[in-house]
Amino acid sequence: MPSALPYIPQRPPFVMVDNLLSCDEVVVRTNFSIAADNLFVQDGKFTEAGLMENIAQTCAARIGWLNQDKPVRIGVIGSISNFEVSRLPNVGETLETSVTVESAVFDAIIVHAESATAQGAVAQCDMKVFVI
C-alpha cells in the first residue's frame, strides 16, 4: 500500500487519507486511521466535515495517481449532494473510502463515494470536483 501523500496537494496537519489501496481510471480506494488529535475530531468522533474532506482527498489521490508524471493538481469541490451519514466514526477506527467516477467531462468529474469502517457503513455522497 503506497502512501497517498505524494498524490495529493494537502500537507499535514490537513491530510485526511493515509494509503492508496487501489486506483484505476474509474475507482479509487483509500484508508485513513482516525487519530485523537485530528483537526476534524470532536468529542472522540470524526465529524461530517472530516468525512467530506476524506472523500475529496480520495478524489485528489486518484487524480494524482493517474498523473504521476506531472505536478500534483488542485481540485475544487463544485457540489456535494445526497450526503448521508450512517454514523460518525470513533477515534481509533480506520476509515476506508471508495470513490467511483460516474462521469467526467474535460476537468469536471462527478463521483459517487462510500466510506466505511470495520463496524460498517459510515457515509456516502455524490460529489462534483473541478480539476484546476
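Start by selecting arginine 29, which is partly exposed with a relative accessible area of 28% (buried means under 20% relative accessible area, exposed over 50%, partly exposed in between, with a 1.4 Å probe and protein chains only). You are looking at a predicted model, where local features need pLDDT of at least 70, side-chain atom pairs count only at pLDDT 80 or more, and totals for chains, interfaces and linings use all residues. Residues are numbered from 1 along each chain as its sequence is written, and side-chain values use heavy atoms, with hydrogens and water left out.

Arginine 29 lies in strand β2 and glutamate 96 in strand β6, so the pair ties together parts that are 67 residues apart in sequence (strands are DSSP runs of E, at least two residues, and helices runs of H or I, at least four, numbered from the N terminus).

The whole structure has three salt bridges. For another, select glutamate 93 and arginine 87, whose closest N and O atoms are 2.7 Å apart. Glutamate 93 counts as buried, at 10% relative accessibility, while arginine 87 is partly exposed at 24%.

Next, pick aspartate 107 and arginine 73, whose side chains meet in a salt bridge (3.6 Å, N to O). Aspartate 107 sits in the loop between β6 and β7, and arginine 73 in the loop between α1 and β5, 34 residues apart.

Finish at phenylalanine 130, in strand β8 (residues 120-131). Phenylalanine 130 is partly exposed, at 36%.

How values were computed: Salt bridge = Lys/Arg side-chain N within 4 Å of Asp/Glu carboxyl O.
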